[in-house]
Amino acid sequence: MNLSLSLFPLGWQHYLLGGLLVGAGTALLFVLTGRIGGMSTLFSSTWSFVVRRPFFQQARFVDSRNWRLVYALGLILGGLVWWLGFAGGVREATNVPAWQLLVGGIFVGYGARLGNGCTSGHGICGLGSLQWPSLMAVLTFMATAFLTANLAARWLS
């Protein structure tokens with residue numbers, strides 16, 4: 001079997017184009033404004049509007065939440081443009097049970113807070129700015145993801 005088809009059964013071109021656009025967007029944000037566009041900080045900053053716990057009221061979240069909210073709006077609009085313009089408005093769905101998504105989300109959210117950043121923050125922004133801790137974080141994310149995916153494929157299917 002062709003290796004490309006086994007690794008990317010839906011084709012690889014859209015992954016390449018999406019990666020290039022994400023990389024270009026975060027690079028432009030950093031070069032033009034000096035700001036880092038990681039998603040876990042964006043998420044925490046957005047929560048600072050409604051959650052009054054001290055963690056979410058840190059200056060780094062409160063002081064940056066206005067531009068991060070605009071950034072988040074751009075992410076949503078970009079996805080909407082793709083969905084309406086290129087996917088024909090076809091609804092995307094998954095066969096993964098809700099409980100597995102919830103458990104995975106809890107692990108990812110807790111890990112992002114524990115690691116002081118998520119995959120996009122460390123993987124795209126951190127590696128892009130040559131941050132050594134981000135390389136260690138990404139290697140840990142990837143090793144854990146490969147191990148977990150292989151174990152889950154054996155036990156859950």
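Predicted model: local features only at pLDDT ≥ 70, side-chain atom pairs only at ≥ 80, totals over all residues.

Start with the record. UniProt, in an unreviewed entry, places the feature "transmembrane region" at residues 12-32, 69-90, 96-114 and 135-156. UniProt positions are given in the numbering used here, feature names are shortened, and annotations may be inferred rather than shown by experiment.

Residues are numbered from 1 along each chain as its sequence is written, and side-chain values use heavy atoms, with hydrogens and water left out.

Select residues 69-90. This stretch is 77% helix and 0% strand, with its end C-alpha atoms 27 Å apart. Now select residues 135-156: here the chain is 100% helix and 0% strand, and the end C-alpha atoms are 31 Å apart. Helices (H or I, at least four residues) and strands (E, at least two) are DSSP runs, numbered from the N terminus.

Colour by pLDDT, the predictor's confidence in each residue, from 0 to 100. The protein averages 88, and 99% of the residues score at least 70. Where is confidence lowest, and where is it highest? The lowest mean, 75, belongs to helix α1 (residues 3-7), and the highest, 92, to helix α4 (residues 59-62).

Next come the aromatic rings. Rings of Phe, Tyr and Trp (its six-membered ring) pair if their centres lie within 6.5 Å; planes under 30 degrees apart count as stacked, over 60 as edge-to-face and the rest as tilted. By this rule there are four aromatic pairs. Select Phe43 and Trp47: their ring centres are 6.0 Å apart and their planes stand at 75 degrees, so this pair is edge-to-face. Both residues are in helix α3 (residues 39-47), and because they are four residues apart there, about one helical turn separates them.

Accessibility sorts residues into classes: buried means under 20% relative accessible area, exposed over 50%, and partly exposed in between (1.4 Å probe, protein chains only). Phe43, at 53%, counts as exposed. Trp47, at 36%, counts as partly exposed.

Move to Phe55 and Phe56, which form an edge-to-face aromatic pair, 5.1 Å centre to centre with 90 degrees between the planes. Phe55 is partly exposed at 32%, while Phe56 is buried at 18%.

Select Ser48, in the loop between α3 and α4. Is Ser48 buried or exposed? With a relative accessible area of 0%, Ser48 is buried. Leaving aside neighbours within four places in sequence, Ser48 is in contact (heavy atoms within 4.5 Å) with Phe56, Gln57, Phe61, Val62 and Arg65.

Go on to Arg68, in helix α5 (residues 65-85). Arg68 is buried, at 10% relative accessibility. Which residues does Arg68 contact, leaving aside neighbours within four places in sequence? They are Ile36, Gly38, Thr41, Leu42 and Ser45. Arg68 and Met39 are 29 residues apart in sequence and 9.4 Å apart in space, C-alpha to C-alpha.

For the last stop, colour the two domains, whose bounds come from an automatic or database domain assignment: domain 1 (10-92) and domain 2 (94-156). Their C-alpha centres lie 17 Å apart. Twelve residues from domain 1 and nine residues from domain 2 take part in the contact.
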